[in-house]
Amino acid sequence: PCSSCYWKMTQLSSSIRVARAALKYPPTWQNRTHQTLHRRDAIVSKMAQHRPAVSTRAITSTAASSSFGETVGRNSLSANIPLNDKYHMHWRPPFSWTMQNMMMSTSTTLLNPNDTGNTLPEDQNVTIAPEKEEQGEMEGGVSVPFQRSKKAKSKGAFSGFDDRANAKLTALSKAKKEAEDAQASYLWLTTADDVDTNFDAEDLHEEWNLSEQKLAIAYSQAIKYTSRLTNNQEATETAERLLFEWMNRFLDPFGVLLADPTMDPNTMYLNRKRMVRTINKVASKLTPSEISSESKPAPSTLKGEDGASSTLPKIRISPPTSKDYINLLRAYSMSKAYRKGQQCEVLMRNMMQLAKTVAYYYDEDDETWTEARAYDVGMESAVSGEGNEMKKWRSWVNESVPNSKVFALAIKCHAGSTHSESLERIILLNHVHDTFSSCCESHIPGMYKDDPYVLFHSIKALKNLQKKEEKEKGHEWLTKLHKFVTSPENADYFQEREIDGELKNQSKELNQTDATSSPEASAVYAQTINVTSAYTTFIRLIARLRGTDGVAADALQVLNRMHRVHNVFVNGLGNPETQTPPTDETSKNEDTETLVNPKRIAHIDIHANAYNLVLGLYRDSKKGEDAPKAIELLQRMIDAGNEEQENRRGVPLPTEQSFEFTIMSLANMPDGKKGIEEAERLIELMQEKDDLESPVAVYNAFITVCNRKLFGKAQLYDKALNILDKMNEMSKKNPGATPNPETLALVMKSCSLSAHEDHESVLATASKLFSQLVKQESSEKSAVALTDRAYYYMMKCVDTHMVEDPVAKKDRIEELFSEACERGLCSANVLTMFKNSVSEEDYHLTVGKGRLADHWIANITGPRALYTDGSKGGAGKNARRKGKSTSDWVKKGKVKESERVTKKKDKKAKKFFKRMKTA
């Protein structure tokens, strides 16, 4: 044979010797992954999972070679490898050192027959067979343990879920099978004629009952872990399907089937009147009745004459609890599903259907009541979460009636929707929640009047306070929320069992490391609601009404409420109790609870943006009396920076924007001199702050105030240059104070507005600043540093201070206008300034008539003009456009004009006939 074949035959012979040695000396297995099997005289390597199929040309099979072919690999079971004959196929040796890091996915057992020497007997077959699952490690053999396959999972029902969700779904499938088998066994035993064993029936009945309880737990776990996959639409749909399947499984024995929302699109929303009627009827049946001494015992304790149970209770699977509903609703709220608010309302409607069915079925005063219902698992006594004894069906109803958290999550789903009716649905859900809380707050756990979660998400749903209804509802909801979280009457909103244990541990660690911790730190373990976004959202919505009378006062009121919530969080509701930090001895004992804290409902973090929004409203109020209020608010922030963290009372530190808005509000003061002096004082206070990195906007605001208060005065020019020099000096220490292009443009504006007598110096200064801006541009058509305002101010400086040579002034203005058009900075102000500086004939020769070129107005940031007359449009403007139209604007314009004329004539005729009737 050839050299390659000879080498392969040598490797095969070596493998056979290893197998023979393994039969004679059983190896000692080391139960560790990626380890070899060590023996005294041989090393048994792990075999590869995937082996290419082996085919032979000449086959001379023996018993040993036929059985040994099974050891080569999974794909070579049908191939017989000859031991004594030639073969010319290229294949890899079955055993090698490179295969020692690979492991079989199935267990194998090496059977150890009688060894007769170095050669295999012809009548003895050596087999290597897979081990069965129920068999353990056989004597004289080796078991390869299970290893997870690294192959990609096949796409199945749960292919996109994590391992935990898949495990819970698999457990649910097994629980369904066990429940069906237990039910079938019990029904077969009770219906068989030749079986008369009451004891066996009780055992099967109890087994069926336990299987239904396990099935309910399996449903709950599957829904819990599939709903946690937030960015997986299939997981949310699976959780929804399982919950409705669970509810239908419970209601099926009652003869009730929940409506499918996909098949009944007309009933996607809740009906307010129907929900109110239903909850009133259900609440009347939840009133606890007095238990007399002669009442019937529980069905499980009824005995017959022979001492055996005469009647066994009817088995029912437990319905979903409120936690199961909340898990699905939370998945809805975090998903991007289409019309998820409607899905929440469908779920709430089905919850009420379940509660109504159970309440009517087990009501002893109902007309349909029968004595057979007394022997039902729902009539058994159970212990509620509060430790009270009650019937099971009452707890089923309590868990099925939507509580405040269910309403809050449904409102949250509507709040995140862009549907036109979302606000209307939120208002309806608030009305239904108020009705529910008023009639069944004492019966349904988790139901509270003016629940903070409901109000919180309702406020977050507001979008436009310009609408009267939204503004009224916003003030109403915020007032209720503030009253609830600050009222001592609601101190028991969070029960002890609801407090998160992890937060308790965080508090213990915090107190152990810092014995003098602040009240905020000691309250870490208390479960509270973060209402920061609700208050801040409302302030932000009010800030959009800037310029409206009274909005600044409304925003300040909300800000003061935020501080009230913070004070309640620090001191607690009512009389705060003294906190005693744990000692070393008590901290070691986990069962000893030494933390005594005042009760709290909500906490809030007051950030600087809340203050800045209010200061921005003072800036835009245009009222002189609002400037001192802005200064007072800023001074509160400055004083907080001089205090320690625990003594700031929630007041944030000022930012650059805080100083900017406050200084801008000084422009509204009637006394200009006093306003400038106050601005200089604030600038000095800002310079003392080392944490402000970019104060250039504050200096720009100061220049703006000077331009407004010193308009037309000679000292404006000197004041602006002094501010610019101060900025250049400050930039050596703080690069954030370096003048930017806006600063240079504002100084140029000061030059144009100043009535300084030295016109040459003012014009030279403005030209120098303008040249600095031009140098920052990369080309003649770029507009990075230069703006339309810079060109306008420069043209105005030329028009004001170049008084000796009118021709040179005209040429310079034309030159600046041409550059502005090249850079796309021909704004309405630039166009007007050019129009006032030249004659009408020169203006039309330069600009023309009609619409301005698009590239002339491409980079405008100020007032925009679209036509040569300085306007944005009007009657007949489009007629001057050239080119073929593709939108039929001419025909549409004529139609609109004719409609306008017709309406005008009809209006005149109507007035005429009305006047004739009165005459």
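**Aromatic contacts and charged pairs**

1. Tryptophan 393 is buried, its relative accessible area being 4%. Since the model is a predicted one, this value and those that follow describe a computed structure. The ring of tryptophan 393 takes part in a stacked aromatic pair with tyrosine 362, in which the centres are 6.1 Å apart and the planes make an angle of 15°. Tyrosine 362 is buried as well, with a relative accessible area of 1%.

2. In the structure as a whole the count comes to 18 aromatic pairs.

3. Which arrangement do the rings of tyrosine 362 and tryptophan 396 adopt? Their centres lie 6.3 Å apart and their planes stand at 70°, so the pair is edge-to-face. This pair, too, links distant parts of the chain, 34 residues apart, with tryptophan 396 in helix H9, and both tyrosine 362 and tryptophan 396 are buried. One aromatic cluster takes in these residues, being formed by Phe250, Phe254, Tyr361, Tyr362, Trp393 and Trp396.

4. Turning to charged side chains, the structure holds 19 salt bridges. One of them is between glutamate 345 and arginine 425, with an N to O distance of 2.9 Å. The two residues are 80 apart and link distant parts of the chain, glutamate 345 being in helix H8 and arginine 425 in helix H11 (residues 422–440).

5. Glutamate 897 is partly exposed at 37% relative accessible area, and arginine 900 is partly exposed at 45%.

6. The side chains of glutamate 815 and arginine 812 meet in a salt bridge of 3.5 Å, N to O. They are 3 residues apart in helix H28 (residues 806–822), and therefore about one helical turn separates them. Glutamate 815 counts as partly exposed at 40% relative accessibility, as does arginine 812 at 23%. Elsewhere, Lys176, Arg241 and Glu245 are linked in a network of salt bridges.

7. Where does the positive surface patch draw most of its residues from? Helix H6 (residues 272–285) gives the most, with 5 residues. The patch is formed by Arg272, Lys273, Arg274, Arg277, Lys281 and Lys356. Of these, lysine 356 lies in helix H8 (residues 340–361) and counts as partly exposed, because its relative accessibility is 34%.

8. Two backbone positions deserve a look. Aspartate 450 has a positive phi of about 55° although it is not a glycine, and its place is in the loop between H11 and helix H12 (452–460). Lysine 622, also a residue other than glycine, has a positive phi near 65°; lysine 622 is found in the loop between helix H19 (608–620) and helix H20 (626–641), and is exposed, with a relative accessible area of 58%.

Conventions:
Residues numbered from 1 in each chain as written. Heavy atoms only, no water. Patch = residues over 30% accessible without salt bridge, like charges linked within 9 Å, V, L, I, M, F, W, Y side chains within 5 Å. Areas by Shrake-Rupley, 256 points an atom, 1.4 Å probe, with all protein chains shown as cover. Salt bridge = Lys/Arg side-chain N within 4 Å of Asp/Glu carboxyl O. Lys, Arg positive; Asp, Glu negative; His and termini not counted. Charge placed at Lys NZ, Arg CZ, Asp CG, Glu CD. Helix = DSSP H or I, 4+ residues; strand = E, 2+ residues; numbered from the N terminus. Buried < 20%, exposed > 50% of the residue type's maximum accessible area, 1.4 Å probe, protein only. Phe/Tyr/Trp six-rings, centres within 6.5 Å; stacked < 30°, edge-to-face > 60°.
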